[in-house]
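Have the model open while you read.

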Amino acid sequence: MTFYVEFDEGIENNYDFNTDEIVRTVAEAVLDMEGCPYEACVNVLVTDNEGIREFNRQYRNIDKETDVLSFPNLDFEQPGVFDIAEECEADYFDPESGELVLGDIILSVDRIKEQAESYGHSQKREFAFLVAHSMLHLCGYDHMEESEAAVMEGKQESVLNGLGITRE
């Protein structure tokens, strides 16, 4: 599996944990939980509040900052069901690596810090939580309805608890 983690221009990686390792570990745990039958590729961009606000405005027409944005590459008929029609394979798989291109994740360093402080846990836990949350979006899940939110919350906690990344 390939995970590209990039820090936006001018954004320093000041975390006391290995961001690449957390992305890989959490993303693989989500994909294992969901039974993804393919090797996958995910791109992660870490930016600040200003950067994520610009992406939010540009791609969602929402002019405000947020903690994470998810841009799935797949159209799921049912969350977590990786049935890919043959005619869609060219759109979903990298022709060079053969990996399933799940999509892109954008994280705000500012919001990670703020929310970690607000919730009283580490930045590592907040970073991992947002990666798990976003990976579930890339797997077709949403939280617009209360029942959908409950499913996502349960899956997020299951992944993080299984990895020992708990609220401290």
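## Ground rules

This is a predicted model, so local features need pLDDT of at least 70 and side-chain atom pairs count only at pLDDT 80 or more, while totals for chains, interfaces and linings use all residues. Residues are numbered from 1 along each chain as its sequence is written, and side-chain values use heavy atoms, with hydrogens and water left out.

Helices (H or I, at least four residues) and strands (E, at least two) are DSSP runs, numbered from the N terminus. Two packed helices are described by the angle between their axes and the distance between the axes. The axes are lines fitted to C-alpha atoms, for helices over the stretch in contact, and angles run from 0 to 180 degrees between N-to-C directions.

## Helix α6 and its partners

Start with helix α1 (residues 19-34) and helix α6 (residues 146-162): they pack at an angle of about 120°, with their axes 10 Å apart. That makes α1 oblique to α6 (under 35 degrees is roughly parallel, over 145 roughly antiparallel, 65 to 115 roughly perpendicular, and the rest oblique). On the α1 side, the contact (heavy atoms within 4.5 Å) uses Val26, Ala29, Val30, Met33 and Glu34, and on the α6 side it uses Lys155, Ser158, Val159 and Leu160. Sorted by type, these contact residues come out as six nonpolar, one polar and two charged. For that sorting, Ala, Val, Leu, Ile, Met, Phe, Trp, Tyr, Cys and Pro count as nonpolar, Asp, Glu, Lys and Arg as charged, and the others, Gly among them, as polar.

Helix α5 (residues 123-138) also packs on α6, at an angle of about 130° and with the axes 10 Å apart. So α5 is oblique to α6, and their crossing is right-handed. Here α5 brings Arg125, Ala128, Phe129, His133, Leu136 and His137, which meet Met152, Lys155, Gln156, Glu157 and Leu160 of α6.

## Helix α4 against α5

Which way does helix α4 (residues 109-119) lie against α5? Their axes come within 8 Å and cross at roughly 115°, so α4 and α5 are roughly perpendicular to each other. This crossing is right-handed too.

From α4, the residues involved are Ile112, Lys113, Gln115, Ala116 and Tyr119, and they meet Gln123, Glu126, Phe127 and Leu130 in α5. That contact divides into five nonpolar, two polar and two charged residues.

## Salt bridges

Side chains of opposite charge can pair when their charged atoms come close. Counting a salt bridge as a side-chain nitrogen of Lys or Arg within 4 Å of a carboxyl oxygen of Asp or Glu, the total comes to seven. One of them joins Glu157 and Arg125, with the closest N and O atoms 3.0 Å apart. Glu157 sits in helix α6 and Arg125 in helix α5, so this pair ties together parts that are 32 residues apart in sequence. Are these two buried or exposed? Arg125 is buried at 2% relative accessibility, whereas Glu157 is partly exposed at 27% (buried means under 20% relative accessible area, exposed over 50%, partly exposed in between, with a 1.4 Å probe and protein chains only).

Arg24 and Glu28 meet at 3.5 Å, N to O; being four residues apart in helix α1, they are separated by about one helical turn. Both ends are partly exposed, Arg24 at 34% and Glu28 at 28%. In helix α4, Glu114 pairs with Arg111 at 3.9 Å between the closest N and O atoms, and these two are three residues apart, again about one helical turn. There's also a salt-bridge network linking Arg53, Glu54, Arg57 and Asp63.

Asn56 belongs to helix α2 (residues 49-60) and is buried, with a relative accessible area of 1%. Leaving aside neighbours within four places in sequence, Asn56 is in contact with Asn61, Ile62, Lys64, Thr66 and Leu69.

Asn61 is found in the loop between α2 and β3 (68-72). At 71% relative accessibility, Asn61 counts as exposed. Its phi is near 55°, a positive value in a residue other than glycine.

Conventions: Left-handed = near helix turned anticlockwise from the far one by under 90°.
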